Amino acid sequence: MVKTYDVVIIGGGPAGYVAAIRCAQLGLETACVEKWINFKGDPALGGTCLNVGCIPSKALLESSEHYHYLKEGFGNHGIQVEGITLDLDKMMVRKEDIVLQLTNGVSTLFKANGVEWLQGHGKLLAGRQVEITHQDGSVDVVNADHVIIATGSMPIEIGAAPVNNAEGIIVDSTGALDFRQVPKTLGVIGAGVIGLELGSVWNRLGAKVIMLEAVDDFLALADQQIAREALRQFKKQGLDIRLGARVMATEKIAEGVKVHFKDKEGEHEIVVEKLLVSVGRRPNTDNVAAPGSDLLFGERGFIHVGDDCETNLPGVYAIGDVVRGPMLAHKGSEEGIMVAEIIAGQHGHLNYDAIPWVIYTHPEIAWVGKTEQALKTEGIPYKIGTFPFSANGRAKAMDTAIGMVKILAHAETDTLLGCHIIGPYASELIQEAVLAIEFQASSEDLARTIHGHPTLYEAVHEAALSVHGRSLHKINT
Ligand code: FAD
Ligand code: AMP
């Protein structure tokens with residue numbers, strides 16, 4: 001007999017596995033179909049984020065920053081360090097251990113919550129049936145009162161630079177998280193979030209990194225004042241970022257790869273030992289729905305959904321990278337919680353205006369809400385408050401007094417509209433602004449909140465004070 005579940009989720013990344021846990025917490029009989037096979041050849045939960053995305057990249061960013069700081073940073077503190085060596089194998093083993101701990105952790109959470117893991121490839125059939133093709137080729141079908149598709153995303157490939165991670169010369173992010181030697185030169189196509197993070201890792205470990213970015217604007221989605229400061233800082237670190245440089249073709253040669261690109265001055269070529277293709281990600285909808293299921297796809301292959309993540313098929317939802325919105329793990333997880341609660345008859349909701357973005361470079365970049373350029377385009381009247389970390393005592397003591405906090409508030413109501421940070425621990429600091437926006441706070445609310453001293457958070461406080469020209473530790477203009 002075909003088994004019927006309350007909910008079947010296809011995909012066990014941060015969108016799908018969080019949805020599964022929340023469904024189970026709400027008393028729904030839940031199964032999650034997941035096919036990932038990890039670097040050890042074992043089935044694994046956690047998706048891109050835990051296996052080859054957020055977590056391994058942050059592990060290497062942390063390790064590489066320690067290495068770089070030991071070599072360059074401690075001198076200012078009066079600490080002389082000699083004889084520093086790099087054990088890249090050990091760095092990679094540490095990264096792999098963290099990945100295994102976290103992915104095994106999800107499996108433990110499934111068991112503890114009673115979520116059934118159906119290992120294999122899931123496909124939506126008509127009538128909310130889900131077909132599961134197991135690794136050995138056998139096929140099962142289950143019924144579901146509700147289906148949640150959370151199949152994530154894949155790196156975009158370009159004909160000009162075909163990726164082969166196994167060969168390890170032209171690679172995508174998965175390959176660049178796994179180099180076994182530091183390349184002398186690394187080319188990066190695309191100066192987006194992933195290119196910048198992985199470019200930073202290998203730059204810190206000693207590679208000469210050249211980034212080729214097709215568009216003229218740097219970090220077009222970020223507030224452009226912050227993006228300009230970021231570009232200045234990254235260039236100072238030795239990242240060779242070339243804007244308006246479109247890669248047209250590549251050739252594999254004995255020394256590595258010859259990369260042909262075009263900018264406004266004409267055609268050029270560079271030779272690099274390894275090449276990372278990081279030109280964005282696309283929704284992963286390969287063989288996810290049988291034609292007879294009538295699932296509707298929208299622009300650029302995303303599964304079409306409404307605000308509540310329901311597809312055109314009643315009872316079938318889609319969440320995470322496979323639907324519109326920023327391709328961020330926490331966005332997918334929150335959609336998972338929202339949908340689980342809606343299925344359980346509750347009032348699940350997600351505030352798409354309060355999603356934090358983080359880039360884990362040095363300095364870190366983080367933001368929430370509207371950028372200044374968006375406010376201008378939308379004709380929303382605003383006031384700006386800024387504060388530099390160079391005037392923040394804690395940042396000075398840490399010897400990382402670079403960057404700034406920028407707050408945008410409505411000119412008439414003072415409601416917080418956006419917060420943009422480049423500087424130390426921007427990834428953590430931004431959360432204060434996310435909470436403030438979620439609570440519909442004003443800049444005055446932030447300005448009247450007591451902030452501990454000396455902390456980096458005082459820079460957020462001062463930026464809020466500065467919205468009304470009341471900053472205490474900088475000259476108000
Ligand atoms: P995924 O994590 O892609 O998971 C989808 C899962 O579905 C996969 O496990 C896949 O095997 C499975 N699947 C697909 N099709 C089927 C099928 N038919 N049957 C069964 N299973 C299927 N985001 C952040 O928020 N912060 C970061 O710091 C960050 N860093 C990143 C760094 C890198 C290098 C990369 C590549 C991404 C990073 N991201 C980061 C993005 C983040 O990884 C994604 O936004 C997130 O993983 C999306 O979650 P998801 O659950 O929608 O999809
Ligand atoms: P992201 O989506 O943040 O990962 O960024 C990907 C970046 O790659 C975008 O800024 C694109 O402009 C850039 N890009 C796409 N195709 C090319 C190309 N052929 N050459 C150089 N850059 C590219």
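Ala, Val, Leu, Ile, Met, Phe, Trp, Tyr, Cys and Pro count as nonpolar, Asp, Glu, Lys and Arg as charged, and the others, Gly among them, as polar. On that basis, the shell around ligand 2 holds nine nonpolar, four polar and two charged residues. The model is predicted.

**Ligand 1: shell**

- Ligand 1 is surrounded by 36 residues.
- The closest are Glu34, Thr48, Lys58, Gly122 and Ala329.
- By class, the shell around ligand 1 splits into 14 nonpolar, 17 polar and five charged residues.
- Several elements each supply at least two residues of this shell, among them helix 1 (14-25), strand 2 (30-34) and helix 2 (47-52).
- Helix 3, strand 4 (121-125) and helix 8 (329-343) also each supply at least two.
- Helix 2 gives the most, with four residues.

- The side chain of threonine 48 places an N or O atom 2.6 Å from an oxygen atom of ligand 1.
- Alanine 15 uses its backbone: an N or O atom there lies 3.0 Å from an oxygen atom of ligand 1.
- Methionine 327 has a polar backbone atom 3.3 Å from an oxygen atom of ligand 1.
- The protein buries 95% of the 990 Å² that ligand 1 exposes when taken alone.

**Ligand 2: shell**

- Around ligand 2 there are 15 residues.
- Gly190, Leu212, Glu213, Ala214 and Val247 are the closest.
- Strand 10 (208-213) and strand 12 (246-253) each contribute at least two residues to this shell.

**Ligand 2: polar contacts and cover**

- Glutamate 213 has a polar side-chain atom 2.6 Å from an oxygen atom of ligand 2.
- A polar backbone atom of alanine 214 sits 3.0 Å from a nitrogen atom of ligand 2.
- Valine 247 has a backbone N or O atom 3.0 Å from a nitrogen atom of ligand 2.
- On its own, ligand 2 has 520 Å² of accessible area, and the protein covers 72% of that.

- Why is leucine 70 classed as partly exposed? Its relative accessible area is 32%, and partly exposed lies between the limits of under 20% for buried and over 50% for exposed.
- Patch residues need over 30% relative accessible area, so leucine 70, at 32%, passes that cut-off.

Technical notes. Residues are numbered from 1 along each chain as its sequence is written. Chains are lettered from A and ligands numbered from 1 in the order in which they are written. This is a predicted model: local features need pLDDT of at least 70, side-chain atom pairs count only at pLDDT 80 or more; totals for chains, interfaces and linings use all residues. Side-chain values use heavy atoms; hydrogens and water are left out. A residue is near a molecule or strand if one of its heavy atoms lies within 4 Å of it. A polar contact is a pair of N or O atoms within 3.5 Å; within protein, one must be able to donate a hydrogen and the other to accept it, and residues adjacent in sequence count only if both atoms are side-chain atoms. Accessible areas come from the Shrake-Rupley method with a 1.4 Å probe; for residues, only the protein chains shown count as cover. Buried means under 20% relative accessible area, exposed over 50%, partly exposed in between (1.4 Å probe, protein chains only).
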